Amino acid sequence: MKNTMKRSLFAGLAALSFVAVAGASTNASAAKKSYKIDFNQASSSSTATSRNYVPTGSNALYTKAGVLKSARKVADTSTLQNLANSKKGNDYFRGYRVAKLSNGSYYMKVVTFDKAYRGWIYVGKTDPRTNYQSVSTGLKYTDTTQDTTSSLTDAQKKATYQIQNPGTTFEAQTFKAPAYTQYKIGRNTTDTTNYKEDTFTITQAAKRTREGDQWVYVNDAKNPSVNGWILQSSLKEATPSTDTIADNAIRINLTDATGKAIKSVDYTKTGATKGTTLATDGKTLADTDTSAINTLITNALAGTANASAFTSLSDTQKATLAAAKFGSAVTLQLGATKSVGNDQTTVSQVWNATVYDSLSGSKSARAAGKIATMIPFFNSNVNFTNAMNKFNADPDVKGSKNDVISKATLQAAFKKDGLDTVYLKITPTILPRIGGGFLDNIDPTGLYMKADLDYDALPATIHYGDKIQLSYQYEGGALYHKAFNQTIFPNITQNADGYYELPINDDILNAILDAIVRYGI
């Protein structure tokens with residue numbers, strides 16, 4: 001029975017491979033009988049934020065340009081009208097490809113922020129690439145937020161705040177942009193439990209257009225890595241600190257390269273007056289002060305993991321201190337430190353597939369990797385396995401288990417070792433499978449799905465020597481190949497990773513691919 005299932009699965013996947021390429025060729029040939037596709041081009045990432053739209057409800061959404069033969073409807077005008085009137089940011093559209101037909105009509109490929117709807121929609125007779133905010137007919141540009149910084153009072157700008165209920169809830173997290181106002185721009189901090197005592201200042205404010213709630217951008221001087229957007233209603237005015245700074249002292253807050261607090265020291269000077277700068281002219285730090293502060297910081301860091309991060313004040317740090325005022329605090333960021341130890345950080349051979357719930361707008365993870373979905377795909381994980389083996393021997397993520405790895409160090413290693421973006425083959429290799437993946441590596445034939453590492457799903461704190469289970473988000477609407485110079489799709493060239501993107505305009509194939517990601521086979 002097990003062998004029968006394997007044979008059936010192999011045949012099904014082979015059929016998927018044939019239908020994806022041969023079917024696409026057939027569709028393209030049929031389309032030529034009516035209209036020719038003059039071009040089909042991806043939009044530049046530099047224009048991303050100017051390509052946020054709401055549907056007008058006058059045109060439906062299709063698997064390809066609606067006038068082409070075999071185009072199927074993804075969403076009718078009634079559905080799009082409901083999305084246009086939605087109060088949820090997840091229902092915005094992001095445009096990311098433009099196509100022109102021989103009849104002079106332009107179409108844009110769009111996807112909702114929650115990825116529930118994806119397809120092509122008519123946008124008129126004017127090339128939208130000349131001004132993405134002036135599209136017409138099926139789409140209307142929208143500002144997903146309104147800048148309300150001018151509404152902040154002087155008192156609000158000067159006040160300090162704390163998070164009311166720090167933790168992992170939506171209300172307690174900081175974001176790179178107000179939530180669900182930009183496509184694929186997510187959380188900055190997923191857990192604020194460790195920052196319950198931190199104080200924040202507000203520098204910007206914005207109102208989400210659909211939800212109507214107020215968001216503010218907060219700065220944390222003690223831990224700058226937490227900086228980001230948060231609901232204004234999630235803040236409370238900070239409780240006055242009992243740890244006051246003497247009038248003749250300057251508090252120097254030391255942070256590591258990621259902005260995490262290390263230690264604070266007070267530099268005092270006999271006869272100094274509160275409010276005056278350390279340097280007489282506020283610009284040039286005296287040699288005596290430089291020497292004294294060098295000694296102060298060196299002694300404070302002695303015996304700690306950050307001791308090697310400081311040797312002496314840099315010119316930038318001297319300038320910061322020269323302008324510092326007595327009775328107040330400044331922050332100095334120290335250089336990156338290399339943890340010393342033999343604990344090798346590794347990633348698990350099992351990863352999670354990140355999927356979105358179109359109703360709640362939340363993300364969830366489903367186990368994949370070697371023990372779940374990807375087993376039937378024979379060599380599908382060979383690219384992941386190669387990258388995993390490289391990372392698991394990378395000296396940059398080897399150190400002492402007592403030390404926390406910085407986000408910058410992890411991200412650099414993921415990218416360098418090939419775990420940042422992984423192409424997973426979904427068709428069997430042509431060459432016979434043998435142990436060790438040798439032939440899998442030299443056989444470039446077949447079709448791949450592209451998966452991007454979901455950094456939001458990483459644990460808030462990772463120590464050297466930890467074993468990390470990664471999560472990946474699959475890019476829908478396309479398959480990839482790299483075996484030959486393809487001619488099926490016009491105006492498609494190799495991307496920076498060496499793969500050709502093959503747009504999948506067939507809604508049945510897209511549904512199959514989505515099912516693979518969501519539910520496995």
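**Entry 1**

I looked up alanine 249 and found threonine 268 of strand 18 opposite to it. The model is a predicted one, in which local features require pLDDT of at least 70 and side-chain atom pairs count only at pLDDT 80 or more, while totals for chains, interfaces and linings use all residues. Residues are numbered from 1 along each chain as its sequence is written, and side-chain values use heavy atoms, with hydrogens and water left out.

I noted that strand 17 (residues 249-255) and strand 18 run antiparallel and are joined by seven bridges. For pairing, DSSP must find at least two bridges between two strands. Strands are DSSP runs of E with at least two residues, helices are runs of H or I with at least four, and both are numbered from the N terminus. The open sheet has three strands in the order 18-17-19, with mixed pairing. Its edges are strand 18 (261-268) and strand 19 (329-333), each pairing on one side only. I recorded an average twist of 25 degrees from one strand to the next. Angles run from 0 to 180 degrees between N-to-C directions, and axes are lines fitted to C-alpha atoms, for helices over the stretch in contact.

I then asked which strands helix 4 (residues 287-301) touches. Helix 4 packs on the sheet against strand 17, strand 18 and strand 19, and its direction makes about 140 degrees with that of strand 18. Contact here means heavy atoms within 4.5 Å. Helix 5 (residues 315-323) also packs on the sheet, touching strand 17 and strand 19, at about 175 degrees to the direction of strand 19.

**Entry 2: aromatic rings**

I used the rule that rings of Phe, Tyr and Trp (its six-membered ring) pair if their centres lie within 6.5 Å; planes under 30 degrees apart are stacked, over 60 edge-to-face, and the rest tilted. The count is 16 aromatic pairs. Phenylalanine 113 and tyrosine 183 form a tilted pair, 5.9 Å centre to centre with 40 degrees between the planes. The two residues are 70 residues apart, phenylalanine 113 in the loop between strand 6 (106-112) and strand 7 (118-122), tyrosine 183 in the loop between strand 11 (174-175) and strand 12 (187-189). Phenylalanine 113 is buried at 6% relative accessibility, and tyrosine 183 is buried at 14%. Buried means under 20% relative accessible area, exposed over 50%, and partly exposed in between (1.4 Å probe, protein chains only).

I also found Phe170, Phe175, Tyr180 and Trp215 linked by ring pairs into a cluster. Arginine 210 lies over the face of tyrosine 92, at 4.2 Å from the ring centre. The criterion is NZ of Lys or CZ of Arg within 6 Å of the ring centre and within 35 degrees of the ring normal.

**Entry 3: helix 7**

I asked which residues of helix 7 (residues 407-417) are buried. They are Leu410, Ala413, Phe414 and Asp417. These buried residues line one face of the helix, because they fall within an arc of 100 degrees seen down the axis of helix 7. The arc is that of the directions from the helix axis to the C-beta atoms. The face turned away from the buried side carries the exposed residues Ala408 and Lys415. I listed what covers the buried residues of helix 7, including strand 21 (346-347), helix 6 (382-391), strand 26 and strand 27 (467-468). Glycine 418 follows helix 7 and has a positive phi, near 95 degrees.
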